[in-house]
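Reader: Could you walk me through how to read this one, feature by feature? I'd like the general idea each time, then the case at hand.

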Amino acid sequence: MKIVILTVPHGKCLPEYDAKNHWCDLIAEEAARDLQVSLEDIGIETKLYINDKVLRKEIDMNRKKSRDRVYRKNLRKLVNSLRDENEVYVLDIHSFPGRKRLVDVYILDDKPKVDYAQALADEFDNAGIVNGGVLNGINNDIQDEMKEIGVKSTLIEFSEKLNNKKLKEITKVIAKWDK
């Protein structure tokens, strides 16, 4: 059986959101929850794993130095508990302020020429979703760790300028691609 784990490593936000420093991913949790619904609507089991305890300014949960933190240890335990009997895929969900960017979504993959990441970019293009393509050369340690243990992983960044309708449209395209 296929199981998609949706991670939100920067889900803890202060009530007074600081867009200048971007200490949290403002819509990442909403995007992950919408994606969970879209995936489950087509019969894919999901697990939602949100970091709602530690601010990014304390430690970035997507960096190697965070591997000994509870959030990352528990993610490893979750993946390992599922992967022996299931095909596990990790979608690492983030959002960006979208200041002057005219892009709805980015796909980040630090391993160039990964077919599954490019396939998602192609699905976005086919659906008319404005995407920045597959960016690489960026430090994404959750992806790195998953790849080290043989689990596919993709990081998706949603623009914080998206309205609810567009966000749901994008999550449906991701669900279709992931199936």
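This is a predicted model: local features need pLDDT of at least 70, side-chain atom pairs count only at pLDDT 80 or more; totals for chains, interfaces and linings use all residues.

Reader: Let's start with Ser159: buried or exposed?

Author: The general idea is a set of cut-offs: buried means under 20% relative accessible area, exposed over 50%, and partly exposed in between, using a 1.4 Å probe and protein chains only. Ser159 has 3% relative accessibility, so it counts as buried. Residues are numbered from 1 along each chain as its sequence is written, and side-chain values use heavy atoms, with hydrogens and water left out.

Reader: Where does Ser159 lie?

Author: Helices (H or I, at least four residues) and strands (E, at least two) are DSSP runs, numbered from the N terminus. Ser159 lies in strand 6.

Reader: Which backbone nitrogen lies 3.0 Å from a polar atom of the Ser159 side chain?

Author: For a polar contact you want a pair of N or O atoms within 3.5 Å; within protein, one must be able to donate a hydrogen and the other to accept it, and residues adjacent in sequence count only if both atoms are side-chain atoms. For Ser159, the backbone nitrogen is that of Lys161. Tyr106, in strand 4 (residues 105–108), is 53 residues from Ser159 in sequence, but their C-alpha atoms are 8.3 Å apart in space. Tyr106 is also buried, at 15% relative accessibility.

Reader: And Asn163, what does its side chain reach?

Author: Two backbone nitrogens: that of Lys165 at 3.2 Å and that of Lys166 at 2.7 Å. Asn163 sits in the loop between strand 6 (152–159) and helix 5 (164–178). With a relative accessible area of 48%, Asn163 is partly exposed.

Reader: Which residues is Asp25 in contact with, leaving aside its neighbours within four places in sequence?

Author: Contact means heavy atoms within 4.5 Å. For Asp25 the list is His10, Cys13, Arg56, Ile93, His94, Ser95 and Glu160. With Arg56 there is also a side chain to side chain polar contact at 2.9 Å. Asp25 belongs to the loop between strand 1 (2–8) and helix 1 (28–41), and at 2% relative accessibility it's buried.

Reader: Got it. What about Ile149: where is it, and what does it touch?

Author: Look in the loop between helix 4 (141–148) and strand 6. Ile149 touches Val79, Asn80 and Arg83, not counting residues up to four places away in sequence. Its relative accessibility is 26%, so Ile149 counts as partly exposed.

Reader: Zooming out, how many helices and strands are there?

Author: Five helices and six strands, running β-α-β-α-β-β-α-β-α-β-α from the N terminus. The radius of gyration is 15 Å, close to the 16 Å that the globule rule gives for 179 residues, so the protein is as compact as a globular protein of that length. That radius is taken over C-alpha atoms, and the rule is 2.2 Å times the number of residues to the power 0.38.

Reader: What share of the residues counts as buried, and what share of the contacts joins residues at least 24 apart?

Author: Of the 179 residues, 53% count as buried. Among contacts between residues at least 6 apart in sequence, 80% join residues at least 24 apart.
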